[in-house]
Amino acid sequence: KQCEEWWKRSVVYQIYPRSFLDSDGDGIGDLQGIVSKLDYLHKLGIDVIWLSPIYDSPNDDNGYDIRDYHEIMQEFGTMDDFEYLLEEAHTRGMKIIMDLVVNHTSDEHKWFLESKKSKDQHYRDYYIWRSGENDKEPNNWGSVFGGPAWEYDEQTDEYYLHIFSRKQPDLNWENKNVRDEIYRMMAFWLNKGVDGFRMDVINFISKVPNLPDGIVREGMIYGDGSLYFMNGPRIHEFLKEMNSEVLSKYDTLTVGEMPGASTDDAILYTDPSNNELNMVFTFEHMELDSRSDKWDYQPLHLVDLKKNFEKWQTKLHNIGWNSLYWNNHDQPRIVSRFGNDEAFRIESAKMLATCLHMLQGTPYIYQGEEIGMTNVKFPSIEQYKDLETLNMFKEKQSQGVPVNQIMNSIYVKGRDNARTPMQWDDSKHGGFTEGEPWIEANPRYKEINVEAALFDDHSIFYHYQHLIALRKKYDVITGGNFTLLYEEDPNLFAYRRKSDTEELIVLCNFSEKDLSLRDPLLIEDLKQYRVIVQNYQEVVLAETLTLRPFEGLVFFR
Ligand code: TEU
């Protein structure tokens, strides 16, 4: 049947281990820290934990630059710690998926160290090397983290491609040896008992072989190569091969992180008859509040967001499968982004959760989201750690952009918003560490923390717990179809979910004002439903229905 697979009925919780909980006082979160919070996660009700990378890494990009796929990062613990964590999670009925970062490795990976040595040996072709054009890079592509996407290497007088930092050289997936090594490595982890993978920028692995120049947009120095590396010519072939050689032999959850994947792409990636992946992370809903690039902020128009969700919900229905997320380690905190993290922090955090969790797909919760953690505004650039933020700062400063303007864009979009330590209690550093944290805690830990949330029956935590429980109870949440209501309303996000036997109506006020629904038919109709989710103490349903600021309601019948 349609929704029998466990990963369609699951809720996933993402842990960014570096910032979760430090058990040994070195200021860096670790595996034992995670073990000690498994009961907390179990209480929340989640089914699957996704661990951001825990492999050996020089941490240029906090573990997304892997030096050894078979070793655990020293700061996080040992392989024994990992096996213990896996066992303890499984004992509690929770699964663990790993981050699979195979578009690139660290430049300190042994394959790359070998590859650099000379042009004519086995590992050379594991990466993408090209000779320059008149002392210039082989093409005009810019890297995601600033500067060109090519780094010159004197030893062999050639350049290597790095779509991300220069310490993240891209692997050459055209080479079958590379693919085989990766499939063997995946099997190594699956044989240990891990339950699947979140695959980092997996739709970047197939490049158009002659690597053509990208177009240079107005005000840009480098060309945009994405047309030639996103969803490239052999991507479906590679994923089918990965599936038949590894994934098909295990019972896994697979989710591909895919910037630039459209719904048509997503259908190809997730239609089970294609034997590729279970679901993808779309970026479309995360790009609606920026213009040319992520730092170029524009306010969200709710209608854009609604229509985007409508497209993903309807197009994939009965064919592929959606993932649902507001947050991860790359995104600002949702309550600060689409809600109000001051006057209506609790109401808006709950409403946003409601709006997302009643959709069809597998929901992902990012650590701290369940207690309404907020963005941070560190006064000084010295307090920031993310290489993307630091590179952007330097670049903009050298172009003469005023510092306060740069800082403001970091406050709105910087990745460190998501990476400040998890706030466990109101003790120093939010109870994250006994030592000095690698990145400072958000000073709001005094007010926003797990201990306080668990103590308050009406906290955001218990709201998430309730939403997760409802997903297990009502099949319409997993299986029903989706209809957008009041499409053009700029403040109300309303939709209907319907199966053969059950029906939901979800009403979410995304504004800070009262919103009066003058739709006698709907209001009459709603009398046959009962409210199963609310974020204000009591619900008033009279002749008109007035939604208070950020009110979010779910009606069921
Ligand atoms: O991110 C992929 C990606 O496309 C990023 O550029 C993302 O858009 C960016 O972080 C937004 O500012 C993945 C990981 O999630 C990210 O943490 C890594 O830095 C990146 O891949 C490289 O591995």
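Which residues come nearest to the ligand? Of the 14 residues around the ligand, these are Tyr64, Val144, Phe164, Pro259 and Asp330. A residue counts as near if its C-beta atom, placed from the backbone, lies within 6 Å of the molecule.

## About the model

This is a predicted model: local features need pLDDT of at least 70, side-chain atom pairs count only at pLDDT 80 or more, and totals for chains, interfaces and linings use all residues. Residues are numbered from 1 along each chain as its sequence is written.

## The ligand shell

By class, the shell around the ligand holds 6 nonpolar, 1 polar and 7 charged residues. Here Ala, Val, Leu, Ile, Met, Phe, Trp, Tyr, Cys and Pro count as nonpolar, Asp, Glu, Lys and Arg as charged, and the others, Gly among them, as polar.

## The sheet

An open sheet is formed by 8 strands, in the order E11-E10-E9-E5-E2-E1-E13-E12, with parallel pairing. Strands are DSSP runs (E, at least two residues), and helices likewise (H or I, at least four), numbered from the N terminus. Two strands pair if DSSP finds at least two bridges between them. Strand E11 (279–281) and strand E12 (323–325) are the edges, each pairing on one side only.

Strand E1 (residues 12–15) pairs with strand E2 (residues 48–51) in the parallel sense, over 4 bridges. Tyr13 has Ile49, in E2, as its bridge partner.

## The nonpolar cores

The largest nonpolar core has 136 residues. Ile46, Ile49, Val280, Leu352 and Val506 have the most contacts inside it. Helix H11 (residues 345–357) gives the largest share of this core, 7 residues. A core is a set of buried Ala, Val, Leu, Ile, Met, Phe, Trp, Tyr and Cys residues joined through C-beta atoms within 7 Å. Buried means 20 or more other C-beta atoms within 10 Å of a residue's own, exposed 12 or fewer, and partly exposed in between.

Leaving aside neighbours within four places in sequence, Ile46 is in contact with residues including Val11, Tyr13 and Ile468. Contact means C-beta atoms, placed from the backbone, within 7 Å.

## Two buried loop residues

Pro53 lies in the loop between E2 and strand E3 (55–56). Pro53 is buried, because 25 other C-beta atoms lie within 10 Å. Beyond its neighbours within four places in sequence, its contacts include Tyr64 and Asp99.

Trp173 sits in the loop between strand E8 (158–161) and helix H5 (176–192). Trp173 counts as buried because it has 23 C-beta neighbours inside 10 Å. The C-alpha atoms of Trp173 and Asp125 are separated by 9.5 Å, though the two are 48 residues apart along the chain.
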